[in-house]
Amino acid sequence: MVSSTQIMEKVLFGFAKQWIAGNTIDDALSAAQSSYKNGMGVIINRLGEYHTSKQIIEKTIDEYKIVMSSFRKWNVNGGISVKPTQIGLSRNMKECIQNFEILIKSAISSQTFVWIDMESSDHTDETIEIYQNLFSRYERLGVALQANLMRTEDDLVDLMTIGAKIRLVKGAYRENPKVAYKSKDKIDQNYLKLMGLLFRKANEFGIATHDSVMIENAKKLSRKYERRFEFQMLRGIRDDLKPKLVNMGFNVSEYVPYGTNWLPYSIRRLKERKRNILLLGSAFIELHKPQKNF
Ligand SMILES: Cc1cc2nc3c(=O)[nH]c(=O)nc-3n(C[C@H](O)[C@H](O)[C@H](O)COP(=O)(O)OP(=O)(O)OC[C@H]3O[C@@H](n4cnc5c(N)ncnc54)[C@H](O)[C@@H]3O)c2cc1C
């Protein structure tokens, strides 16, 4: 007898496939190749977070190194995006920095851009510290900042003084109202404010959103301020819009996750959109119905 949990997992996996390239490095590179053929860059992320096992962390680092050294062979224009807790932050800061240094050595030889994902606000201070430490030694390094956090304007202003490369996102983690804006309106307002700061005072940044209002505003700002920036969107979301932006001459990169650890990432994607939850609910009910035998 198949349990409800197994059915739920099956339905969830069916859903998650739209956002994830597959289980292996080759799956990620092949997805990256099709992004490239469609005129986009790619940012590859190996799924997984909060690793404490040294063995898993080493495997993660090895895989990122393989990904970076394969870009040329696969004819892909790409970078990687790494979560600090997947390479050591859940053990200690020192190990995390050492592991980023290993990745950066490899990035230097393949001339690859490395992004640092921003996780929940428990890790914001450490992540910014890691970024500042490494950016002084490697410039092709960027960090995500989240518009839902009240502190972000100060972080952005600080980071812009060192010429940091920022990816602006709305924020994917459930946060305490003491530190974060909770309503879409407030988050959007802050996103627009921070985006304005980026266009006025920064260069080389990522506008990472699927929100048409944010994107239209970025387009307007790009007519006023000539800046190197790119739109960044997740694989499997707004696939209608990506080619339009490419055709208009904008740089667009797709964030492509791969790996077997798909659940936390997929749950975050599900929660971002009510319609996804409704679709998931009806798929679950459909599969859970007693099967009729004809
Ligand atoms: C390239 C990239 C990197 C990211 N890196 C980080 C990071 O490091 N740290 C972090 O906290 N967050 C990260 N995020 C996630 C981000 O914080 C948001 O959670 C996510 O992008 C949804 O916000 P939105 O800007 O698209 O706007 P929303 O207001 O959530 O959505 C606007 C519109 O976009 C579409 N849309 C949004 N999400 C979905 C979805 N799941 N399925 C279908 N349609 C959808 C819908 O049309 C929706 O109306 C990243 C996002 C991107 C695109």
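This report describes the barrel, its packing helices, the ligand shell and the nonpolar core of a predicted model.

Residue numbers start from 1 in each chain and follow the sequence as written. Because the model is predicted, local features need pLDDT of at least 70 and side-chain atom pairs count only at pLDDT 80 or more, while totals for chains, interfaces and linings use all residues.

**Barrel**

The barrel is closed by 8 strands in the order β1-β2-β3-β4-β5-β6-β7-β8, with parallel pairing. From one strand to the next the twist averages 25°. Strands (E, at least two residues) and helices (H or I, at least four residues) are DSSP runs numbered from the N terminus. Two strands pair if DSSP finds at least two bridges between them. Axes are lines fitted to C-alpha atoms, for helices over the stretch in contact, and angles run from 0 to 180 degrees between N-to-C directions.

| Strand pair | Bridges | Opposite residues |
|---|---|---|
| β1 and β8 | 6 bridges | Gly-41 and Ser-253 |
| β2 and β3 | 4 bridges | Gly-79 and Phe-113 |
| β7 and β8 | 4 bridges | Phe-231 and Val-252 |

Strand β1 covers residues 41-46 and β8 covers residues 252-258. Asn-45 also has a bridge partner in β8, namely Pro-257.

**Helices on the sheet**

Helix α2 (residues 25-37) packs on the sheet and touches β1, β2 and β8, its direction making about 165° with that of β8. Helix α5 (residues 124-135) lies across β3 and β4, running at about 160° to β4. Contact between two residues means that their C-beta atoms, placed from the backbone, lie within 7 Å.

**Burial and core**

A residue is buried if 20 or more other C-beta atoms lie within 10 Å of its own, exposed if 12 or fewer, and partly exposed in between, with C-beta atoms placed from the backbone. In β8, 7 of the 7 residues are buried. Val-252, Glu-254, Val-256 and Tyr-258 point one way from β8, and Ser-253, Tyr-255 and Pro-257 point the other way. Strand β3 is likewise covered on both faces, with Phe-113 and Trp-115 buried on one side and Val-114 and Ile-116 buried on the other.

A nonpolar core is a set of buried Ala, Val, Leu, Ile, Met, Phe, Trp, Tyr and Cys residues joined through C-beta atoms within 7 Å. The largest such core has 67 residues, and those touching the most other members are Ala-28, Ile-44, Ile-166, Leu-168, Met-195 and Val-256. Apart from neighbours within four places in sequence, Ile-44 is in contact with Ala-28, Ala-32, Val-67, Gly-78, Ile-80, Val-256 and Tyr-258.

**Ligand shell**

The ligand is surrounded by 23 residues, the closest being Asp-117, Ala-144, Val-169, Thr-209 and His-210. A residue is near a molecule or strand if its C-beta atom, placed from the backbone, lies within 6 Å of it. Two or more shell residues come from each of β4 and β7, and β7 gives the largest share, 3 residues. By class the shell has 10 nonpolar, 6 polar and 7 charged residues. Here Ala, Val, Leu, Ile, Met, Phe, Trp, Tyr, Cys and Pro count as nonpolar, Asp, Glu, Lys and Arg as charged, and the others, Gly among them, as polar.
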